[in-house]
Structures are given as C-alpha cells and as structure tokens.
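Please keep the sequence and the model side by side while you read, and look up each part in both as it is mentioned.

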Amino acid sequence: MSEDVAGSLPTPEDVLPNVPEGAPLLEVKDLKKYFPLTQGILFKKTIGHVRAVDGVNVSLRRGETLGLVGESGCGKSTVSKLLVALEKPSDGQILYKGKDVAKMGGRALKQYRREVQIIFQDPYASLNPRMTVGDIVAEGWSVHADIAPRKGRLQRTQELMDRVGLNPDFVNRYPHQFSGGQRQRIGIARALALQPEVIICDEPVSALDVSVQAQVVNLLEDLQDDFGLSYLFIAHDLSVVRHISDRVAVMYLGSIVEQGTASQVYGSPSHPYTQALLSSVPVHQPALRGLKERILLQGDVPSPANPPSGCRFRTRCWKAQDICAVEPPALVDRGQGHPSACHFAEAREVVPVDVE
Amino acid sequence: MTDQQQKDLQHDEVQAGTTTGLAAPSVDVTSSRQNSLWSDAWGQLRRSAIFWTGAVLGVIFVSMALFPSLFARGVDPRDCDLANSKGTPSAAHWLGFDQQGCDYLANVVYGARNSLLIGVLGVLGVLLLGVVVGAIAGFYGRLTDSVLSRIADIFYALPLILGALVLLRVGPSTGLPVISERGPGAVAVALAAFGWMTAMRLVRSQVIAVKSSDYVAAARAMGASDFRILVRHILPNAVAPVLVYATITIGVLIAAEATLTFLGVGLQPPAISWGLQIAQGQSLLRTAPHLVLFPSIILTLTVMAFILMGDALRDALDPRQRS
Amino acid sequence: MTILPTPAPAPWGSAGAAPLLDVEDLHVEFRTRSGVVNAVNGVSYTLAEGETLAILGESGSGKSVSAQAIMGILDSPPAEITGGKIWFEGRDLLTLPAEEQRLVRGPGISMIFQDALSSLNPVYSVGFQIGEMFRAHRGTSRKEAKQKAIELMDRVRIPAAAQRVNDYPHQFSGGMRQRVMIAMAIALDPRILIADEPTTALDVTVQAQVMDLLKDLQRDTGMGLVLITHDLGVVNEVADNVAVMYAGRIVERGTVTDVFSNPGHPYTEGLMSSVPQVESDGGRLVPITGQPPNLSAIPSGCPFHPRCPRRRLGAQALPGRDCAGDVPPLRLVVPGREAACHYSEEVLGV
C-alpha cells in the first residue's frame, strides 16, 4: 500500500520492530494513575489523590480481543486514555512491542500513536461537526503523511468508507447528517486509516440503539479477521463483552480483580465481585427467568480518593475476614485455572447455562 | 407497487446505508473534488439572501469611503456658505446644509472613510487581541489562563470610553507612531485596546469547551501537533460566536468614536466623520433634526450591513444549520 | 448479602378485572420548522392492577412520548396530541380541562425518569423535596412532612434515612438519587407508576437493586407499573407483559414469556437475534439491517418493511398484504398474542 515511501525513509519496522509470534503486543505492568485533589483558586494545594488506576496488569496479544469490564468510576476509561498516551501514568509501565511508551521519543512515539488507535463511546462528540467525513477519515494522513500519498487520498478515503459500510458518495457530508451507528462507523474508519495494530475501543456500542449495536460489533469482528487487529474492548455491558472477547479482565476501584478467558470468567467466576456483577445482569431467555440467584451488593462503591485498606472490595463483600483489611490479595491463580484477586476465591456458577 | 412506493423504498434503503455485508472494496470515485468547510460555507453564502443584502450595502459604504466624490454629486464638503446654515433638504441639496452652511450630503459621504476606518480597524484589533489571547488562555490553561484572565478582568474594570480617553489624551506626548497623531488610527487603537475583553472571554470559553471534546482527544491520540489541533479543530468551532459579536462591535465602535469626539479627544474638525456629525448635531436637535438624522441612518445601515454578513457567515460555518 | 429469587410472572390478563389505565389509539405529532414528526401513531394498551407492562423500543420508537402524553408533560408546542383517548378512573383525561387533568393525574399516576440528577432540584435537600409532595397535595405541616419523608426514604431502602434527610441531591450516588425519585413518585400512593428507562443510567449491580425495589413496592401496593426500556434483559426479568414499539406503533404485544420464546413480528425477532446474551457467548450476531426510520418520513405500508428480511412486495405479496403498500393492523394472531405483521403466522411458525 505504501510502496512509494520505501527508499531512504525509515519503515515502521525500523522504528518499532515487530515482536515474535506469541509474545504480547501490548503489556501493561502495575499501571497507576493518581489525579491530585486540589484546594484553593490561585495557590493550589494538593490535599490528596484520586487513585483512578491503581496497579493494573494486562497484556494483549496480536489478533486477540481483551475485554475490560467494570462499573462506572472503576478506572477503565482512564486506562484507555493512558494507553493512547492522552494521559501520563503516575507509575508503572506500558510496553508496546517490548518498548516502554513513557520512554519513547519523537519518531517512536509518533509511530506508536499511529499503531495504537482509539474509538470513542459517544459518536456525537467524537467527530468534529465542522469537518466533512472525508476530512475526518483522512485527517491522520496529514499527520502521518507516509501512509497515503496526497494524490490518492480521496479514493483511499472512499475505499475505507465502503469498507466500514458507509456509502462512499457521502464523503462530502458532515457528521450531523448521519445516524449514531453510521457516525460510529466514521470513527472506525478514522482509526483504520492509520493501519493500526491495536484499537482501544472505549464503550464503542454503548451509545447505540440495540438494533444497531450488532452491526457495529459484527463490523469490528470482521475488521479484526481481515487486518489481524488486536482490540482492548472496554465496556460495562457484560453481554457484549462476553460475545466479543477472547479474554476478559474485571476491574473494581482501580485494579483488576479477576482475569481469564471469557468462558472461565463467565462460566466459573471466582471473585465475589465478579459473581455479584454477573448475577445482576438480566438474562434474555424466558426459560432462564427466575432460575438465577441474584447476589445483591450492599452499599456503594467507596471513593477512589480514599479506598479501603487491603482488599478494595471488602467493604461490600460477604466473605470478608480480618485478613482482607490487612493484606491486599494478589491477582494470582488460586486453583480455579485463572487469576483472581481474592483470599477466598472459589468458583461458583452464577449465570445459568444456556438451555438451547 | 406504485412508482411512489418504489421510490420510497429506494430512499429508505439509501437512508439505511449499506450494512455489514462486507464485499471487497470496489469504489468508483464519484466526486473528484473533496469539499472543505470553507468551500461549503461559500457555497452556502452564495445562496443566502441575507448575505447578499449585507454585502451589497457593505460594498456601497466601502466604495463611499474609497471614492467619496462619486457619491457627493461633485460637491466639495468644505465648500460652505454661512447663508445656507442649517438649510433643510431640497432637490439640489438632498440632505440640506449643516450649521456652517456646508452641503450635508457631501459631508455624510466624506465621513464614511474615517468612520469605517475606525470601526473596521478597531474591530480587527479587537478580534486579533481577543482571539489570540483567548485561544492561548483557553488552550494552555493553568497559570497562563489565570494570568491572562486576570489581565482581562483589570481591563474590564476600566470603562471603554474612559480608557480610550486617557490613552488618547496622553497619546500625543508619547511619540509612538500611530497614537501620537490624533487620526482614525489612534482612535481605532485606543478603542481596540480597551474593548477586546469580551471577544477574549468568548473565545476562551469556546476553546475550553472544544478542547475537552472527544474529537480533539482523537486528533491528539493520532499524534497531531498543538498547532494543528488549534487551527483545524478548536478555532473553527470557537470563532463562530465571536464573528457575530465582532460585526455588532463595528457599530459600537463607530458610535464610541462619536462619544470620544464629544469629549474632545476623538477626531477634531476639520476632520469629517459620522461621529463628529452626530455629536455636533445633538446640540441643534430642536432646530435642525436632519443633522442628527441622516448620519444616524447611514450609521445604522452600515452596522446592519456588517451584522447581516456576520450572521450569514456564522450560519454558513455551522454545517448543522444547513438544510 | 441477600439472595432473592426472581418472582414468577403473572400470566397475560390475569391481574385484576377492569383495567387501571386504558390508552386508545393515541396519536402525537411534533410540529417543527422542518416538518411534522409523527412520534406516536395509534398506540393502544391497557394496564391492570398489579401488572407490569414493559414498553420495549429503541430511541425514536415513541415509547417515551406516549408516556409523556399520559402524564400530560409534553411540551406543547411543538408536541400536540392529535387523537386518541386516555381512560383513567372512568374518565378520558384528554377531554378534561387542564386544571382537572392535574387533579386527577397528580396523585393517581406518577413517573420516574432516566436522569435522576436533573429531575431533582440541587438547591433543596432531598427530604424537603420528598416532603413537598405532602405539603403541596395534602397540606401536611412542615414537621410532619419531614417525618413522612424519612419514612419514605426508609421504604425505598436508603440507609440511615433519618441522618440523610437533610442532604442535598449531589451528596447521593446515582442509585440513591433514583431511590429518592422513586420515593417522591410513590409518596401519594399512586395507582400507576410509569418508569421511563429508570435504570439505563445506572450500573448493572445498582440496576438490579432498583428493579428489585420497584417489584417489591408493586407487590406491597398493587400499583400498575409501566416500564419503558430498550433493555431486553430487564423486560425478561421484570415484566409480565410486553408491548414492542417501532416507529410510533405497537408492533407486537403479549406475555413476556410468549413473545421472547417465539416472537411474532420480524422486528422483535430481529431484536432478539441481534442482542448478545450474558448466558451464552453465542455465534455471530444477526443484526437488523439499516437504521431506525426518520419519523418525519415514515416508510409507507409497514414501517419496518425496508429493514425486514421477510418482507413481501408486489407480486410476491398476498392480495391486500403488500408490505410496502398496506399498513398491517395490530391483530390477534394466536390467543394472547397480537402482532402488526401481514405474515405473522409465518414468523411464529403456526
């Protein structure tokens, strides 16, 4: 596609060499992000920190979809901002193809920003209302001029629009002339234009109507198959995450409490929070109605500015013992076949099994 | 099925867009040209009656300022005869005479140059200061914003006329190029120096709103530079409300010039401007109302011309307003 | 922790005799500068005592507008009720003068909304706002109203109600604010509660708490509950009966068990197959093609036909049943099930 830019220019592979097969493409190690809480107008005094992300470890392999689920305020959106370098981590590392993103300079960072793209939740806020669809999709090429030579850009734009299921004739239209689902396709085309390796999908279907959600989910799956993309799929909708993800990580109050393949996490959740979360999701099959036991959690999520000592979940947990207040449980395999951050991890089936 | 139904069906399917049936991309390039915001805005302006009304009026007044002799029916505004003092309009002298017995039509026409110069230069100054300072304050935030916003607050505390009055009073003693000679340039500078704050606040608040939007985050995540983000994303979205404010301000500044003249620090006779005419005419309102009436009408029409153009431009720059 | 079994659904039409609420052929239009938007085009349903009726639909299906019409809170203009009857307590609300409508509705029908924060006034304490219901409608004294507010906050399970009664809305979490809204809605013991996407803005664990609360309150008071939602799962777990709306019309109606096990309208069928389920990772989703219709240009005939995989046009159609030309009426297809599709029998497989 970019044969004419070879020659003397460095190729992407020179800047960020590819990782060997099977090694993680993106690795997050003990990632932390604290936002200072300040007081005062002119002379700001830091009076504490909101621990939005507090020790997250995940990895993403090529062609894989990792689902990151959690409720509002658990820090999952901050993780997405950290991953696309819109925020700087307070501590910990993001390794991309083995290199620390925080230590990347000039060219490597630019290449990283090309290879790791983001799709936002709100298709109404994520497109500049004063730019045509063509300009929006092609914008990345003005920044990364080597991807598409200036001459063929219009045609490339139209090809991309066609690829994501938009009528290529609409290249000169403005975002407000499209429906929510179509706008989300524009956002996907904008990300695809840079030929990324990884796409961070931050609640990409939450704002869409149910009948349109499936179209976008299917499109994302097709694009993954065609281009070998890796997705970090961040969502609060556990059903969508189960459908699209190979592996799933569950987040609570800034850290990951359970991680495993989709069938491990949904089929035999072992962390009490995961169990409560899954038991709250309504089932769709009438035959399963009433068969499910509901675990109702008491109270609200504690403030991330002042999280509980030890295990974050202990204030709402029915299994909590003295040890939970003292020792934060590590995210390790406790005999369930997948890691769980609970001292008393125990697999339990909370989602009724499909009867069909 | 009737033709109408078939057409509806087709229409609905187009509306629906293609779905995820993903064939290999085979695209015929149907439009060889890619539109931009500005070309679309021009296409919209061309079809706007409001814009053309404003533009025609604007062209008339600008040519009045450039070639006054064409509009003054060949009369020299300084060719006066005291015998005609305060003469009322007649077939030969459409707008009558002023107190000195000078042809008033010629005077009003010759006043266009100074008044427009002050209005337009003043607003350009306001826009320049307002957009630059507002964009910097909004975009960089934190300390920069605090400092610039407090400076704007200090300027707000000074009334426009008072500030301009002081500047024009001390101007001649400073020896600075434009300020020291009391011409339209000095008046425009004085008015801009004390009138930029509202434009700055408008731009600042818009920039702050747009800066935190997802599409700016998307551009940033792509690696776009600050300059690119400012020029491509933030300013086009932030400038529209300022444009409308600017067109109204042209009229405010032309009127402010009249006040400064009245206070003895604006343009002074024998200079000719609408502000001077209105100021001088006020004392004769009972005996010769036409001396206030005619320059006021022209001033109002001028301001209207700019407001109409500004309004049309704002709508044209907002794709959501288009049908 | 409590483990609660989900209550068994009441069968279709079994709850009570005379309906509490009877909506007949309701039409609502919005007259805007760019044309007439036909938001509700002939909606009819009844609600019995103790019944939970889910109105299921996507945005723009008219589900919220029809509820606002019942509540009399449509902004008019641009909205206008152009036809239909709303029977409540033996009277057609739409024929009553505005003042009388308020008196009838006020204590009888109440509503809760998706966005609890913007429905509460930020400058008054929640206790004052709940108590306001008693002061305004019953003339209760200030002190007594506060006492009632505490009782209600207890009833909607807000912990430490007596201490929190003087707190302001921003001091509550999203779930607690929705409880405050529910407390206000049930203050006057309404016969009908309309819940418009009550849990859409809430997290799933909080959603479960709020839905349980609503079910318990309904069991205690026997009120009728109209649940407006786009969430198939919520409908399945909470409602007795469901009315599926599309383009301002009801396209299918029946008990939740019947409709969800075997949909009788292609739109319902499409919805079921396009939504992933938590209980299975399933195969590929089968989306409904296209976009929801533009309400100022609703397709001719069956409004769903441009997106319908089962549509029959022209020569394929049976006489008088051309999907693009003939509007399918909502008709009884099999006992207990109504659908607005010319070929509903095929969809049902009967």
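**A walk through chains B and C**

For chain B, an unreviewed UniProt entry places the feature "transmembrane region" at residues 49-71, 116-139, 151-171, 183-203, 242-267 and 292-313; UniProt positions are given here in the numbering used for this structure, feature names are shortened, and annotations may be inferred rather than shown by experiment. The model is predicted, and local features need pLDDT of at least 70, side-chain atom pairs count only at pLDDT 80 or more, while totals for chains, interfaces and linings use all residues. Residues are numbered from 1 along each chain as its sequence is written, and chains are lettered from A and ligands numbered from 1 in the order in which they are written.

Two of these spans can be followed in the model, where helices (H or I, at least four residues) and strands (E, at least two) are DSSP runs numbered from the N terminus. Residues 151-171 of chain B are 90% helix and 0% strand, with end C-alpha atoms 22 Å apart, and residues 292-313 of chain B are 100% helix and 0% strand, with end C-alpha atoms 32 Å apart.

Chain B also meets chain A: 32 residues of chain B are in contact with 44 residues of chain A, contact meaning that the C-beta atoms of two residues, placed from the backbone, lie within 7 Å. On the side of chain B that touches chain A, α11 (214-221) and α12 (226-262) of chain B each supply at least two residues, and the largest share, seven residues, comes from α11(B).

Chain C is divided into domain 1 (21-249) and domain 2 (302-350), bounds that come from an automatic or database domain assignment, and the C-alpha centres of these two domains of chain C lie 33 Å apart.

In chain C, four strands form an open antiparallel sheet in the order β3-β2-β5-β6, where two strands pair if DSSP finds at least two bridges between them. Because β3 (35-47) and β6 (91-92) of chain C stand at the edges, each with a single partner strand, one side of each is left without a neighbour in the sheet. Strand β5 (residues 79-88) of chain C pairs with β6(C) in the antiparallel sense over two bridges, and Phe88(C) has Arg91(C) in β6(C) as its bridge partner. Helix α1 (residues 63-71) of chain C packs on this sheet, touching β2 (21-32), β3 and β5 of chain C, and its direction makes about 110° with that of β2(C); axes are lines fitted to C-alpha atoms, for helices over the stretch in contact, and angles run from 0 to 180 degrees between N-to-C directions.
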